[in-house]
Each structure stands twice: as C-alpha cells, then as structure tokens.
Amino acid sequence: MFSFFRKKAPPAAPAPPAVAAPSPVVAPPAVVPPALAPDVTPASAAAIAPAAAPAIAPAAAAPPARSGWFSRLSQGLRKTGGSIAQVFTGTRIDEALYEELESALLMADTGVPATQFLLADLRRRVKEARATDPAAVKGLLADAIADLLAPLQKPLVIGGEGREGPTVIMVAGVNGAGKTTSIGKLTRHLAQADCKVLLAAADTFRAAAREQLAVWADRNRVEIVAQAGGDPAAVSFDAVTAGRARGCDVVIADTAGRLPTQPHLMEELKKIRRTIAKAQDGAPHEVLLVVDGNTGQNALAQVKAFDDAIQLTGLVVTKLDGTAKGGVLAAIARWGAQRAGGPVPVYFIGIGEKLEDLQTFDAREFARALLD
C-alpha cells in the first residue's frame, strides 16, 4: 500500500546451508508490554531484539494495494469538489463561468492567492487549447490543480544513505487534528513493511495521550517509551537513545497537541526538537505537522506558525472526507511556492477512520478525484 520509504541495505550474510524443508509458519513473538520505562537496561533490550526476525518470512503477505482508494477519495472530496464541478454544467465559456468558478474556489478555502493563480493559469490553458466546451475546461482545471499541487508530492524516506541510527520523526499538531491516530496508522504500515518502530509518548500534557499511544503500540506490536508526568523533551531523548541501542529503523515522537497562539507551549516544542538533536546527530530527520482538513484556511495559518517554530519537513492532512474546505491544499501549495526553503510536502492524506484511509498524497490523483 505504501511505497514511501527506502530501507537501509541489510548487511551481507553468507547463505545458510540447504534446508530440507521450509519451516512452518513462524509463531508470533512474545508481545512486549506497551509501556516500557525509558531506563530499560541493555539486558532487557537484548531480549527484545529477536522479535524482529519473523517479519522476514517470505510467506508474509504484502501490504494491500491502493485498491478502491480513488473511489473512496472521490467520495470523500465530494463536499469540496461538488460546487466546483457544478460550474461546468453549462454550455458556454464566458466571464460568468470564470466568476462562478472564482466563487466556488474561494468557498472551498482555496484562498485568494491560489484562486487568482489557478484562474490565470486556466485562462491561458483554455486559450492555448482553443477549448469551446465547458467539459474540456473542467479537464484543463484538473490539470492546472495537479500542476499546482505537484511540488507537494514527495515520498517519505526511511533510512537514508549513510545514515547511522534510526530515522527520527517528530510529530506535532493541535488538539483534535488526529495526530495520535495518524501515528498509529503510520506505525502499522511501517511495521508491515518490516521496519522496527519505537514510539515515544512525549505528550505528557494530555491525560489519556500516553494510554492512547500505548494501545496503538500494543496493536502494532511495537515498543513504546513512556513516563507518567515526565518531561516531554526527556522522554524524547530517552526514546531516541533506546531506539539506537535496540537497532530500530524508526523512532516516532508524539508531542502534545497545542495551539500556535500559545507561545510557552510552542517553546516546549522547540525544546523537544533541540533535545532530539542532542540524542542523535542530524535528528529529527522529519518534523511532521498533522492538520485537520476541516479547518480550511486556519490549517494554512497553523502550517505557517509551526513552520516558524520547528521548521516543518512534511504534512499529514486528515479528515478530508468531512469537509467542503479541501481547497486548502492549493493554498498551502501556493504559499510553499514562495517559501524560502521550498514547499512543505504533503506526505499523507486521510479520508476516514480505517487503516487504509490514510494514504500517500498523489497530486494528479487528488485533482482528478476533486473534479470527478
């Protein structure tokens, strides 16, 4: 289902002698208790190491393909795309069509800069193609949206060339955006792809956050570093250190949900980022922000504020199935085109609660589904 990572090349090992018969189904490893104290001793860490071996079995089922994803995406984006597609039901291409399209794009929270850019680009495409049919203009708009969103499409790379230690991912977001649930889904896909994952419960602010992440750790049979009432930065440091000691491929730090308008909480995020960097050179390798697609232009404001504080490297946009404001992706793309460090990629989009409802972002697929 996911093709977003590149595993580190395993060390070459001599081929074992011919085996008389393939071994039967490997019994699942003993489940490690989800809430491990951060000061786990090396002995207990060594006891955990064999748990990764059964994942190499060739008979293991591959992650399911994106079957049915486009139809579910089209259905999820219907609230956003319905009013836009309605513009092209007429028979004439005139100023009234462009004015109606402008209103529809603004209502979808595309924002003024992105709307003006799309309209200018569409007029150029219509002129070059000499289109006379509104249905053809609709197809040209899909192309314009796809080209605008294309810089946001980028794979999440796990285990870069020459990288020592785990890939460390720091995840932030406001309360209710679906941050911890997205971490759980991402962890499942990583685990299915034979990545050894360690979770860090660095959200010590919300009472149930540690328990919620522990449930996902238990479901996915991955380890978790947690500490009741501990300092979030200290938990993150311990998790990265433990991840390096245990040979993990990925360490994901779940931080406390907070509003970007609360300076003291944003300062805490900066502290977590600095502390992770002390635990491993070059970390965090990814700083992701989870935003709720229902918030429209407010999502863009969140991206800007969090980027200023912790220098974002990627986004996860959730709940696009319940909003008519999915046009905010175009607003994010237009802002990213003018950002000094280039666009912040959208690694994943979510359209539901199921595991398969979190998928990698494809710009052309999104544009087609929007106007389908």
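Mentor: We will take each label, set the value against its definition and conclude.

Mentor: This is a predicted model, in which local features need pLDDT of at least 70 and side-chain atom pairs count only at pLDDT 80 or more, while totals for chains, interfaces and linings use all residues. Residues are numbered from 1 along each chain as its sequence is written, and side-chain values use heavy atoms, with hydrogens and water left out.

Trainee: Why is aspartate 109 called buried?

Mentor: Buried means under 20% relative accessible area, exposed means over 50%, and partly exposed is in between (1.4 Å probe, protein chains only). Aspartate 109 has 16% relative accessibility, so it counts as buried.

Trainee: What makes the backbone of aspartate 109 stand out?

Mentor: Its phi is positive, about 65°, although aspartate 109 is not a glycine. The residue sits in the loop between helix H4 (95–107) and helix H5 (112–129). Helices here are DSSP runs of H or I with at least four residues, strands are runs of E with at least two, and both are numbered from the N terminus.

Trainee: What makes the pair arginine 125 and aspartate 147 a salt bridge?

Mentor: A salt bridge needs a side-chain nitrogen of Lys or Arg within 4 Å of a carboxyl oxygen of Asp or Glu. For arginine 125 and aspartate 147 the N to O value is 2.5 Å. Arginine 125 lies in helix H5 and aspartate 147 in helix H6 (residues 134–149), so the pair ties together parts 22 residues apart in sequence.

Trainee: How do you know which of these two partners is buried?

Mentor: Arginine 125 has 16% relative accessibility, so it counts as buried. Aspartate 147 is at 40%, so it counts as partly exposed.

Trainee: What is the general idea behind such pairs?

Mentor: Side chains of opposite charge can pair when their charged atoms come close.

Trainee: How do you know that arginine 364 and aspartate 143 form a salt bridge?

Mentor: Their closest N and O atoms are 3.1 Å apart, and the pair is listed as a salt bridge. The pair links distant parts of the chain: arginine 364 is in helix H13 (residues 363–370), aspartate 143 is in helix H6, and they are 221 residues apart. Arginine 364 has a relative accessible area of 40%, so it is partly exposed. Aspartate 143 is at 29%, so it also counts as partly exposed.

Trainee: What makes glutamate 211 and arginine 210 a salt bridge?

Mentor: Their side chains meet at 3.8 Å, N to O. Glutamate 211 is at 41% relative accessibility, so it counts as partly exposed. Arginine 210 is at 27%, so it is partly exposed.

Trainee: How many salt bridges does the structure hold, and which residues are linked in a network?

Mentor: There are 16 salt bridges. The network links Asp121, Arg124, Arg125, Glu128, Asp143, Asp147 and Arg364.

Trainee: Why is aspartate 249 called buried?

Mentor: Aspartate 249 has a relative accessible area of 14%, so it is buried. It lies in the loop between helix H9 (232–245) and strand E4 (250–255). Its side chain reaches the backbone nitrogen of lysine 196 at 2.8 Å.

Trainee: Why is alanine 283 called buried, and what does it touch?

Mentor: Its relative accessible area is 6%, so alanine 283 is buried. Contact means heavy atoms within 4.5 Å. Not counting residues up to four places away in sequence, alanine 283 touches Val168, Ile276 and Ala277. Its C-alpha atom is separated by 7.6 Å from that of threonine 167, 116 residues apart along the chain.

Notes: A polar contact is a pair of N or O atoms within 3.5 Å; within protein, one must be able to donate a hydrogen and the other to accept it, and residues adjacent in sequence count only if both atoms are side-chain atoms.
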